[in-house]
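Subject: A structure for you to look at

Hi,

Here is the structure I promised to pass on. Have a look at it first, and then read my notes below.

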Amino acid sequence: MSTLAIDIGGTKIAIGLVENDAIVERRQFPTPLVQDAKAFAQAIIEHSLDWVGISKRIGVSTTGLVSKQGISAINPDTLAFPAPFPLAQALEKTTGLPVAMLNDAQAAAWYEYTQIGSSTRNMAFITVSTGVGGGIIIDGKLHSGMVGLAGHVGHFSIDPNGPQCGCGQVGCVEAIASGTAIKRRSDELFSPAISNVELFELAKTNPQAEEIIAASAKAIATLCCNLKATLDLDVIVLGGGVGLAHGYLPRVQQCILQRPNAFQVPIVAAKGDYDACLLGAAFQFNKEGSR
């Protein structure tokens with residue numbers, strides 16, 4: 001069955017035509033700056049019009065809190081929607097196709113769970129990208145919670161003296177470790193400003209650049225150990241543009257190895273690579289089934 005998969009992030013939207021559980025075509029474009037669900041849906045469909053006619057359904061993964069009513073922003077600095085933003089309803093009305101929607105990291109968590117070894121029953125997916133998100137699998141089932149909040153691990157507050165987070169708390173992992181946080185700190189230190197890609201390259205020779213990235217990795221390692229202590233996870237899967245950047249995962253692993261044995265947890269790269277959330281958008285249709 002052909003599925004139009006849509007992954008909505010703070011800076012870009014990725015779309016893919018998924019057949020037989022694989023992406024056969026893929027495109028991406030900047031996230032449109034529109035505040036109307038109908039206009040937002042239309043902007044997406046304009047980029048995928050040739051796929052709509054051959055798709056049987058649409059799967060959406062998106063940053064933010066997802067409910068039946070629509071999308072709400074936990075951190076408006078990442079992506080601000082008027083809440084609730086009824087995107088699924090707008091897509092259904094525009095295309096006439098059934099639409100399912102999940103938080104992006106929750107969707108990716110389910111996809112990654114379907115790809116991991118059968119002995120794994122409890123795992124988390126963490127994406128380090130524009131923001132920091134997560135999804136949790138408990139006893140082989142995606143755990144979303146009563147209102148869909150479960151897995152928003154980027155908003156664990158780990159430093160009472162840390163930076164203000166857009167969610168309203170202080171010292172959240174997202175405010176310390178995300179691509180947005182890395183760029184903000186980089187802009188304070190380097191002039192002219194450099195991209196995060198350039199920062200990772202600079203870190204090979206520049207201690208200040210390395211310190212910024214190391215602080216992010218340390219925050220993610222703290223998050224991983226806290227999740228191990230809370231949920232006794234078998235494994236944590238890391239994804240996202242920052243999470244999959246060259247050298248980032250080993251930094252996190254090294255920080256975890258410095259913790260007491262009881263709090264250490266294996267951490268591996270996402271098998272879906274940079275498209276784990278996009279694949280999750282399609283795979284959510286069988287999230288109640290067996291892997």
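Please keep in mind that this is a predicted model.

I began with helix 3, residues 87-95, where Leu87, Ala88, Ala90, Leu91 and Thr95 are buried. Viewed down the helix axis, these buried residues fall within an arc of 160°, so they line one face of helix 3. In general, an α-helix has 3.6 residues a turn, so residues three or four places apart point the same way. The packing partners of the buried residues of helix 3 are strand 1 (3-8), helix 1 (37-46), helix 2 (49-52), strand 4 (57-62), strand 6 (70-72) and strand 7 (99-103).

Next, the cores. The largest nonpolar core has 36 residues, and Ile126, Ile220, Ile236 and Tyr248 touch the most other members. Two or more residues each come from strand 8 (123-128), helix 5 (173-177), helix 7 (196-202), helix 8 (207-231), strand 11 (235-239) and helix 9 (248-257). Helix 8 gives the largest share, 11 residues. Apart from this core lies another, of 28 residues, with Ile8, Phe29, Phe81 and Leu87 among them.

Finally, the surface: Met146, Val147 and Leu149 form a nonpolar patch there, with about 380 Å² of accessible area together. Val147 sits in the loop between strand 10 (141-143) and helix 5. Is Val147 buried or exposed? Val147 has a relative accessible area of 55%, over the 50% cut-off, so Val147 counts as exposed.

Enjoy exploring!

Best wishes

How values were computed:
Residues numbered from 1 in each chain as written. Predicted model: local features only at pLDDT ≥ 70, side-chain atom pairs only at ≥ 80, totals over all residues. Heavy atoms only, no water. Buried < 20%, exposed > 50% of the residue type's maximum accessible area, 1.4 Å probe, protein only. Helix = DSSP H or I, 4+ residues; strand = E, 2+ residues; numbered from the N terminus. Arc of directions from axis to C-beta. Contact = heavy atoms within 4.5 Å. Core = buried A, V, L, I, M, F, W, Y, C linked by side-chain atoms within 4.5 Å. Patch = residues over 30% accessible without salt bridge, like charges linked within 9 Å, V, L, I, M, F, W, Y side chains within 5 Å. Areas by Shrake-Rupley, 256 points an atom, 1.4 Å probe, with all protein chains shown as cover. Salt bridge = Lys/Arg side-chain N within 4 Å of Asp/Glu carboxyl O.
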